[in-house]
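Open the model in your viewer and keep the selection tool at hand.

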Amino acid sequence: MAKRGKTTWVSLVVALVVLVVGIWWSQLDEGTPTGADAQRAIDQLAKLTVAVEDTGLPYNREDWPHWSAQGDGCDTREEALKAQGRSVRTDVECKAMEGTWTSPYDGATITDARQTDLDHLVPLAEANRSGTRGWTREQRRAFANDLDQLIVVSARSNRQKGDQDPAHWLPDAAYGCDYAVRWVLVKAKYNLTVDQAEHDTLASLLSRCPR
């Protein structure tokens, strides 16, 4: 009996360790922002240029080449699916055949890669009107294939978002802080502008992030 009790106790400890590691790993995958991340975003937001959107430059998706080759026969979409999914299995052509993805925008669980959308957190059309008029095609290509701002989401949430900025669309509240942090850091990375309503919404979201 004593041996069985000891075995049960060890099993419980192992299960607890697995659970804790699983929670920690899932938080890493979701990119949960820290207080330092939020403060960094607040500092970066203060440095962004606030300007009226440049709507005089027509947006053409073909001007933003995307899903470029990333090596090993994989393109940008396939790399994102591998990095952001769980238990992802790919074929010889790098296509995701199995896996599970959680859409951070709405919490939806997706088990078929064909039902996922790969969203540009800062939409291409939004970038087009945020001070990129003088960008070269290669600069637009780099932005469109930046894995730092590409997120695997449900088609439903991606359709709802469209090309709107945070003043007009936000994901579920659970992802609001992370969304604001990442939005600001992408705009800062590429020296993009923000309009006033966008700026104020981001400032409000960041002020409520955990410290």
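Helices (H or I, at least four residues) and strands (E, at least two) are DSSP runs, numbered from the N terminus.

Before going on, two notes on what you see. This is a predicted model, where local features need pLDDT of at least 70, side-chain atom pairs count only at pLDDT 80 or more, and totals for chains, interfaces and linings use all residues. Residues are numbered from 1 along each chain as its sequence is written, and side-chain values use heavy atoms, with hydrogens and water left out.

**Colour by confidence**

pLDDT is the predictor's confidence in each residue, from 0 to 100. The protein chain averages 87, and 84% of the residues score at least 70. Now select residues 1-30. Their pLDDT is below 50, and beyond near neighbours in sequence this stretch has three contacts in the model. Contact means heavy atoms within 4.5 Å. Where pLDDT is low, the predicted coordinates should not be read in detail.

**The sheet**

Select E3, E4 and E5. These three strands form an open, antiparallel sheet in the order E3-E4-E5. Two strands pair if DSSP finds at least two bridges between them. Strand E3 (86-90) and strand E5 (109-110) are the edges, each pairing on one side only.

Zoom in on E3 and strand E4 (residues 96-102). They pair in the antiparallel sense over three bridges. Arginine 89 stands opposite glutamate 98 in E4. Follow the hairpin of E3 and E4, with five residues between the strands; cysteine 94 there takes a positive phi near 75 degrees.

Step across to E4 and E5, an antiparallel pair with two bridges. Threonine 102 stands opposite threonine 109 in E5. This hairpin has six residues between the strands, and glycine 107 takes a positive phi near 75 degrees.

H3 lies across E3 and E4, running at about 145 degrees to E3.

Two packed helices are described by the angle between their axes and the distance between the axes. Axes are lines fitted to C-alpha atoms, for helices over the stretch in contact, and angles run from 0 to 180 degrees between N-to-C directions.

Select helix H7 (residues 176-189) and helix H8 (residues 196-207). Their axes come within 9 Å and cross at roughly 130 degrees. That makes H7 oblique to H8. Angles under 35 degrees count as roughly parallel, over 145 as roughly antiparallel, 65 to 115 as roughly perpendicular and the rest as oblique. Show side chains: the contact includes Trp183 and Lys187 of H7 and Glu198 and Leu202 of H8. The contact residues divide into seven nonpolar, one polar and two charged. Ala, Val, Leu, Ile, Met, Phe, Trp, Tyr, Cys and Pro count as nonpolar, Asp, Glu, Lys and Arg as charged, and the others, Gly among them, as polar.

Next, pair helix H2 (residues 35-47) with H7. They pack at about 45 degrees, axes 9 Å apart. So H2 is oblique to H7. Asp37, Ala38, Arg40, Ala41, Gln44 and Leu45 in H2 meet Val181, Val184, Leu185 and Ala188 in H7.

Last, H2 with H8. Which way do they run? Their axes come within 10 Å and cross at roughly 155 degrees. That makes H2 roughly antiparallel to H8. Select Ala38, Ala41, Ile42 and Leu45 of H2, then His199, Leu202, Ala203 and Leu206 of H8, to see the contact. By class it has seven nonpolar, one polar and no charged residues.
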